[in-house]
Amino acid sequence: MKQTVAVVFGTFAPMHKGHLDLIERAKLACGQVCVVVSGYDKDRGDRIGLDLAKRFQFAQEQFKKDDLVRVYALDETDLPAYPDGWDLWLDRLLALLDLSENQVPVFYVSEEEYAQELHRRGYQAYYSPRKFGISATLIREHPQQYHDYIAPAFLAFFGKESM
């Protein structure tokens, strides 16, 4: 019997309550969740000092006590820019997850176009609209105003010197 494994991917620059909600819903549906922190050199997180390595570290910290969540880092630096790199990106992501032959990835996304693209490529994908009226962009632009939405493990990055 095939086992579904939820996959939630994103830049997470920073991770926030909307991401955490999506991950929790994916966990409820599938049991196991692979959180894939992705990015490239000089991406939107890197531009504020929150590079891929830091985001990966903070995400690992966020889920260190959760046995149902595994965190991965996916470096996209050498891949074609979105939307041109889907095939290479999916190949790299699936190789990184190293799922067994009886495990099937099920993607949970908050971007409708991602769900549509994944469906076209034969994958299960569940689109969930953004909740809480928050985005990482809003947090990057106004960290003090949206401080309460930032995932706990990412809060230290947005300390007083950033606000």
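Two residues are in contact when they have heavy atoms within 4.5 Å of each other. Keep that in mind for this tour of a predicted model.

**Stop 1: Val35**

Select Val35. Leaving aside residues up to four places away in sequence, Val35 touches Val8, Phe12, Met15, Ile23, Phe63, Val69, Arg70, Val71 and Tyr72. Show their side chains too.

**Stop 2: the largest nonpolar core**

Within the largest nonpolar core, which has 30 residues, Met15 and Val35 touch the most other members. Which elements each supply at least two residues of this core? Colour them one by one: β1 (3-10), α1 (17-30), β2 (33-39), α2 (52-62), β3 (69-75) and β4 (103-109). The element that gives the most is α1, with five residues. In soluble globular proteins, nonpolar side chains tend to be buried together.

**Stop 3: helix α1**

Go to α1. This helix has 14 residues. From first C-alpha to last, α1 reaches 20 Å, close to the 20 Å expected at 1.5 Å a residue.

Which residues of α1 are buried? Select Gly18, His19, Leu20, Asp21, Leu22, Ile23, Ala26, Lys27 and Cys30. Their cover includes β1, β2, α2, β3 and β4. An α-helix has 3.6 residues a turn, so residues three or four places apart point the same way.

Step just past the end of α1. There, Gly31 takes a positive phi of about 90°.

**Stop 4: Asp21**

Go back into α1 and pick Asp21. Why does Asp21 count as buried? Its relative accessibility is 18%, and buried means under 20%. Beyond residues up to four places away in sequence, Asp21 touches Lys131 and Phe132.

**Stop 5: the largest pocket**

The largest pocket holds about 940 Å³ of space. To reach its centre, select Gly10, Thr11, Ser38, Arg44 and Tyr114, which lie nearest to it among the 42 lining residues. Elements giving two or more residues to the lining are β1, α1, β2, α3 (86-97), β4 and α5 (136-141). Here α1 turns up again, with the largest share of the lining at five residues.

Finish by colouring the lining by class. What will you see? There are 19 nonpolar, 13 polar and ten charged residues in the lining.

Technical notes:
Residues numbered from 1 in each chain as written. Predicted model: local features only at pLDDT ≥ 70, side-chain atom pairs only at ≥ 80, totals over all residues. Heavy atoms only, no water. Core = buried A, V, L, I, M, F, W, Y, C linked by side-chain atoms within 4.5 Å. Buried < 20%, exposed > 50% of the residue type's maximum accessible area, 1.4 Å probe, protein only. Helix = DSSP H or I, 4+ residues; strand = E, 2+ residues; numbered from the N terminus. 1 Å grid on protein atoms, 1.4 Å probe; cavity = no way out; pocket = protein on both sides within 12 Å on 5 of 7 lines; lining within 4 Å. Points joined across faces, edges and corners; volume = space filled by probe spheres on them. Nonpolar A, V, L, I, M, F, W, Y, C, P; charged D, E, K, R; others polar. Expected span 1.5 Å × (residues − 1).
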